[in-house]
Every structure is written in structure tokens, then in C-alpha cells.
Amino acid sequence: MKVAVVGATGLVGSEMLNVLAERNFPVTELIPVASERSKGKEIEFKGKKFKVVTPTEAIAMKPDVALFSAGGGTSTAYAPLFAEAGITVIDNSSAWRMDPTKKLVVPEVNGDVLTAEDKIIANPNCSTVQMVVVLKPLHDKYKIKRVVVSTYQSVTGTGVKAVQQLNDERAGVEGEKAYPYPIDLNVIPHIDVFQDNGYTKEEMKMILETNKIMQDDSIKVTATTVRIPVIGGHSESVNIEFEHDFDLDELRQVLGSQEGLVVVDNPANLEYPMPKDAHGKDEVFVGRIRRDETQPNTVNLWIVADNLRKGAATNAVQVAELLNKKSLI
């Protein structure tokens, strides 16, 4: 299969290449794609070197599938052109997520919605991906009424510049800033731009995307998203209210049976998920599972995943794997 990776020189694009190789996706020809200034650069994939081409050149090379991770502007401009050429696009930007004509997919949660007609498929926001993997089996079993989520998000979610800012600050070096404030030894309760309602765009993504992926607008979601000085993964503190009561041991078993989810929940041995343990892994991890003792039918839990992997690159590759398995590409 001919596979294009648009944004191949970026953080997520590089991770997509790693994931494609690790999961042995059937790549017969790789087409690394980036902007004009990166044209001609060489990318190594499975021991071979491939030259970076522009999006227009990539379309002419007719890949079967194109994994996009080059920002919303690039996706808005080029994804339709790839789609018109018969190429299936899996897009990691926010450009198409809330478009009612486009599917927003986490394979373990709603992969059944995909069809051969879907030529532009949206990859959800990283924070949403890891949360819905946990919500799905619980909603099926107990019916979720309301979700309150606070995030603790890695600087890798902002990109290379943010990682450099953190490293510069730790080294005492003055450098380019990705954030309006220092990030080392600090916490910034501000991800993406503020909206008129006082929420940030990141918070609204979690709210709206969850309803779309879960295919249930009755689930009430409220979010506070926060950037922390961590490299390796996003963490989330989640409070979930159900319509039906639950047995805590049974709830753990429900979570343990969900594909792509690992339960790490043994407080007696100080075992709980942390971003450093999720780093480089494709699974979502859940722990600190306990009743909310202030109201009925409510559980508290803690969710961790590598935002560059399951939150972005891995999810996109898994969508491609599912399309391939169903002979939709």
C-alpha cells in the first residue's frame, strides 16, 4: 500500500512513521510530505531513505491513504484535493472534526461508522481520544449522565517549540517561547484560544467531540484543560455520573475488558498510571478508581496516555488498519 505522511518532519508526523514501522503496516511505498522548504530532505523509514515531496507532488503519486499532521490550514487546503483524487485522508488537525459530513473516529469506540465513501476521516483531539476509550464501556453498561474532566497535558501537545522552551528554562537558557509564561516549575490553565463563554478552544473540543464520538448528545461534559511541565503524556482527572448504580469490582472488570485499555489500580502497592509509564506506549491507562462519596452513581478515576501515540499518531494508524481490514481502502 502506498502511504503518504503529510507533515512527516513534525513531532506527530515523525511518530506516525515510528508507529507505521512498529505495527508493520503494509507500506509498499512511503511518501513523506512537507512544505516547500523541506522538499528534498531525506526521511528514513525501515532502513530506507525517502525524499520529502510537496502536497501537490504527493497527490500526483496517488497514494492509497494519506495521514495528515500538518496543521489545520494545510488540512483545509489539501485534504479535499487528496480526497478528490480518490485518496483516503486521515486528518489529525481540528479542521474536520466537527464537520457534520465527516466521521470523527477512535477505532475501539466507534470504528463501525466507517464506510468506503469516507474520504476525509478526522482524528480527535488527543485529550478526547484517551477519555472516550474509558467512557465507551462505562456508557454501554451504566449510561453516563455527566462528565467533569480536568487535564494535565504534556508540552509535547504544543509541539517542538514548547519542548524546547521547557528544556531552555531548565538549562537557564534564553530562547524562543511557545507559551506566554514560563512552563518549568509552573502550571498554565490555558490551552488554545479563549472563547466568548470563558472556556478555551481545547476545552470545547473535549466537550463537543465526546458527544460526536459517543453518538449521544445527552452526555453532559465540562472541562478544564491545563498545561504542565511534563514530556511523555497527558493525564486526566475524571468524575463520571451514571444513570445506574455500579459495583466497583464489576466496573473495574468492565474497564479491563475494553480493547486498548489497561487498568493500573492498586493503591496498596502505590500502583497508578503516570505519564512516564505511558510514554512510547499505544494503550490508554486508567487507575485511582473510586466512588465519589458526595453523590450517588458517581465514580472518580485517573486516565493517562501518550498524547503523541494514542492521542495522535497511533489512533490515525489504527484507523488506517481498520480501513484496510474492512477492505475500505
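In the predicted model, asparagine 239 has asparagine 300 as its bridge partner in strand S14. This pair belongs to a set of 8 bridges that join strand S11 to S14 (residues 298-305), and the two strands run antiparallel. Asparagine 239 is also the bridge partner, in S11, of valine 148. Strand S9 (residues 144-152) is joined to S11 by 8 bridges, again in an antiparallel arrangement. S11 itself spans residues 234-242 and is mostly covered, with 8 of its 9 residues buried.

A separate description applies to the parallel strands. An open sheet is formed by 6 strands in the order S2-S1-S5-S6-S8-S7, with parallel pairing. Valine 89 stands opposite isoleucine 120 in S8.

Helices were also found against these strands. Helix H10 (residues 309-325) packs on the sheet and touches S5, S6 and S8. The direction of H10 makes about 150 degrees with that of S6. Helix H1 (residues 11-22) lies across strand S1 (2-6), S2 and strand S5 (65-68). Relative to S1, helix H1 runs at about 155 degrees.

Note on methods. Residues numbered from 1 in each chain as written. Predicted model: local features only at pLDDT ≥ 70, side-chain atom pairs only at ≥ 80, totals over all residues. Heavy atoms only, no water. Pairing = 2+ DSSP bridges. Helix = DSSP H or I, 4+ residues; strand = E, 2+ residues; numbered from the N terminus. Contact = heavy atoms within 4.5 Å. Axes fitted to C-alpha atoms, helices over the stretch in contact; angles between N-to-C directions. Buried < 20%, exposed > 50% of the residue type's maximum accessible area, 1.4 Å probe, protein only.
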